Amino acid sequence: MATSQQTGAMSTARKNRLPDSRFAFPHERKEPLIDAAHVRNAVARFDQVRGVTDAERDRAWRRIRAAARKYGVEISARGWRELVKDNTRR
């Protein structure tokens with residue numbers, strides 16, 4: 001069986017040690033923004049986060065954009081609303 005290091009996944013223990021500020025959605029502790037791969041994952045999964053307000057999504061998008069600049073990740077979407085495929089699923 002592959003370990004979390006072999007798959008690139010973060011261990012639960014490591015995730016639990018991260019400060020809230022390292023997450024796109026800090027109150028939910030969803031979408032850690034610790035490297036380029038996690039930033040790309042946060043963008044890809046943005047529309048899968050449930051139970052958050054549009055204001056929380058606005059703040060998360062700003063955090064993702066800042067992390068993308070930090071890690072050199074190019075994001076083609078101009079805003080998070082472009083990523084949400086079905087507005088009723090939020």
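1. Which pattern does the chain follow when read along the sequence? The model, which is a predicted one, follows the pattern α-α-β-β-α-α. Its secondary structure comes to four helices and two strands.

2. Some totals for the chain may be stated next. The chain has 90 residues, and buried residues make up 37% of them. The chain exposes about 6000 Å², of which carbon and sulfur atoms supply 46%. Where contacts join residues at least 6 apart in sequence, 43% of these contacts are between residues at least 24 apart.

3. The packing of two helices deserves a point of its own. Two packed helices are described by the angle between their axes and the distance between the axes. Helix α3 covers residues 36–44 and helix α4 covers residues 54–71; they pack at an angle of about 145°, and their axes are 9 Å apart. The crossing of α3 and α4 is left-handed.

4. Which residues of α3 meet which residues of α4? On the side of α3 they are A36, V39, A42 and V43, and on the side of α4 they are I64, A67, A68 and Y71. By residue class, the contact of α3 with α4 divides into eight nonpolar residues, no polar and no charged.

5. The aromatic rings come next. A pair of aromatic rings is described by the distance of the centres and the angle of the planes. The count comes to three aromatic pairs. Why is the pair of F46 and W61 edge-to-face? The ring centres of F46 and W61 are 5.8 Å apart and their planes stand at 85°, so the pair is edge-to-face, given that planes over 60 degrees apart count in that way. This pair links distant parts of the chain, since F46 is in the loop between α3 and α4 while W61 is in helix α4, 15 residues apart.

6. Are F46 and W61 buried or exposed? F46 has 0% relative accessibility and counts as buried, because the cut-off for a buried residue is under 20%. W61 is buried as well, with a relative accessible area of 8%.

7. F46 also pairs with W80: the ring centres of F46 and W80 are 6.0 Å apart and their planes are at 35°, so this pair is tilted. F46 lies in the loop between α3 and α4 and W80 in the segment after α4, so the pair ties together parts that are 34 residues apart in sequence. W80 counts as buried, at 2% relative accessibility. Ring pairs link F25, F46, W61 and W80 into a cluster.

8. R29 has a phi near 55°, a positive value in a residue other than glycine. R29 is found in the loop between β1 (23–25) and β2 (30–32), and R29 is partly exposed, with a relative accessible area of 23%. E31 is not a glycine either, yet its phi is positive, about 60°. E31 lies in strand β2 and counts as buried at 11% relative accessibility.

9. Further pairs show how residues separated along the chain are placed in space. How far apart in space are A37 and V73, C-alpha to C-alpha? The distance between A37 and V73 is 8.7 Å, although they are 36 residues apart in sequence. A37 has its place in helix α3 and is partly exposed, with a relative accessible area of 44%.

10. M10 and P32 are 22 residues apart along the chain, and their C-alpha atoms are separated by 9.3 Å. M10 lies in the loop between α1 (4–7) and α2 (12–17). M10 is buried, with a relative accessible area of 16%.

11. G79 is found in the segment after α4. Its relative accessibility is 19%, so G79 counts as buried, the cut-off being under 20%.

Terms used. Residues are numbered from 1 along each chain as its sequence is written. This is a predicted model: local features need pLDDT of at least 70, side-chain atom pairs count only at pLDDT 80 or more; totals for chains, interfaces and linings use all residues. Side-chain values use heavy atoms; hydrogens and water are left out. Axes are lines fitted to C-alpha atoms, for helices over the stretch in contact, and angles run from 0 to 180 degrees between N-to-C directions. A crossing is left-handed if the near helix is turned anticlockwise from the far one by less than a right angle, and right-handed if clockwise. Contact means heavy atoms within 4.5 Å. Ala, Val, Leu, Ile, Met, Phe, Trp, Tyr, Cys and Pro count as nonpolar, Asp, Glu, Lys and Arg as charged, and the others, Gly among them, as polar. Buried means under 20% relative accessible area, exposed over 50%, partly exposed in between (1.4 Å probe, protein chains only). Accessible areas come from the Shrake-Rupley method with a 1.4 Å probe; for residues, only the protein chains shown count as cover. Rings of Phe, Tyr and Trp (its six-membered ring) pair if their centres lie within 6.5 Å; planes under 30 degrees apart count as stacked, over 60 as edge-to-face and the rest as tilted.
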